Amino acid sequence: MTMTNTPDLEYTITRVLDAPREAVFEAWTEPERFSEWFGPHGFTTPVSLITMDLRPGGEWSACLVSPDGAKAPLGGVYREIAAPERLVFTTGDPDNQEGAVASVATVTLTDLGDRTEMSFKQEGYNTDEAHAEAAKAGWLQFFDRLAEHLA
């Protein structure tokens with residue numbers, strides 16, 4: 001796993017996952033699979049709290065549930081879907097009640113046979129450095145769980 005940072009609230013996380021590219025894409029786009037890994041350690045993301053309108057302009061949402069039952073809703077809009085190699089979507093900032101886009105995430109999946117290189121790039125817009133750092137730390141935990149789910 002490698003990480004690169006740039007000062008404009010942009011970072012890339014790259015991981016090699018022990019699963020074919022199609023399986024990784026399905027883990028991002030099928031609610032039943034997404035619920036198995038989406039969230040930091042100790043959180044759940046019930047399928048009943050996930051929506052995915054998988055088309056450009058379609059909305060996605062997921063509600064993370066902490067061990068003490070607190071809910072953290074996340075969501076955005078799909079901008080690009082090119083199965084099984086690319087997914088681009090926005091994320092909103094739950095602290096911004098005006099619904100402004102906080103970032104754009106791009107997931108690029110490279111076929112390595114029975115393995116997949118996943119490159120995740122997140123570019124911040126209506127956010128600050130502390131929020132971006134917290135998001136990056138969260139995604140690292142999400143991707144640990146994704147690797148476990150796919151293994």
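Mentor: A residue counts as buried when its relative accessible area is under 20%, and as exposed when that area is over 50%. Please keep these cut-offs in mind, and note that the model before us is predicted.

Trainee: Which residues of helix 1 are buried?

Mentor: They are Arg 21, Ala 23, Val 24, Phe 25, Ala 27, Trp 28 and Thr 29. With 7 of its 9 residues buried, helix 1 is mostly covered. Across the protein, 43% of the 151 residues count as buried.

Trainee: How many helices and strands does the protein have, and what pattern do they follow along the sequence?

Mentor: The protein has 3 helices and 8 strands. Their order along the sequence is β-β-α-α-β-β-β-β-β-β-α. For contacts between residues at least 6 apart in sequence, 48% join residues at least 24 apart.

Trainee: Which residues have the most contacts inside the largest nonpolar core?

Mentor: A nonpolar core is traced through buried residues whose side-chain atoms lie within 4.5 Å. The largest one here holds 31 residues, and Trp 28, Phe 89, Phe 120, Trp 139 and Phe 143 have the most contacts inside it. Among the elements that give two or more residues to this core are helix 1 (21–29), strand 6 (86–92), strand 8 (116–124) and helix 3 (129–150). Helix 3 gives the most, with 6 residues.

Trainee: With which residues is Phe 89 in contact, leaving aside its neighbours within four places in sequence?

Mentor: Its contacts include Trp 28, Trp 60, Val 77, Ser 103, Val 107, Phe 120 and Trp 139.

Trainee: How is a pair of aromatic rings described?

Mentor: One gives the distance of the centres and the angle of the planes. The whole structure contains 17 aromatic pairs. One of them joins Trp 28 and Trp 37, at 4.9 Å centre to centre with 70° between the planes, and is edge-to-face. The cut-off behind that label is an angle over 60 degrees. Both Trp 28 and Trp 37 are buried.

Trainee: In what sense do strand 4 and strand 5 pair, and over how many bridges?

Mentor: They pair in the antiparallel sense over 7 bridges. Within this pairing, Glu 59 has Val 77 of strand 5 as its bridge partner. The hairpin of these two strands has 5 residues between the strands, and in it Gly 69 takes a positive phi near 95°. Strand 5 also pairs with strand 6 in the antiparallel sense, over 4 bridges. There, Glu 80 has Val 88 of strand 6 as its bridge partner. Strand 5 and strand 6 form a hairpin as well, with 3 residues between them.

Trainee: Why is Pro 73 classed as exposed?

Mentor: In a regular strand the side chains alternate between the two faces of the sheet. The class, however, rests on area alone. Pro 73 is placed in strand 5. It is exposed because its relative accessible area is 52%, and the cut-off is over 50%. Pro 73 lies 5.9 Å from Ala 62, C-alpha to C-alpha, although the two are 11 residues apart in sequence.

Conventions: Residues are numbered from 1 along each chain as its sequence is written. This is a predicted model: local features need pLDDT of at least 70, side-chain atom pairs count only at pLDDT 80 or more; totals for chains, interfaces and linings use all residues. Side-chain values use heavy atoms; hydrogens and water are left out. Buried means under 20% relative accessible area, exposed over 50%, partly exposed in between (1.4 Å probe, protein chains only). Contact means heavy atoms within 4.5 Å. Two strands pair if DSSP finds at least two bridges between them. Rings of Phe, Tyr and Trp (its six-membered ring) pair if their centres lie within 6.5 Å; planes under 30 degrees apart count as stacked, over 60 as edge-to-face and the rest as tilted.
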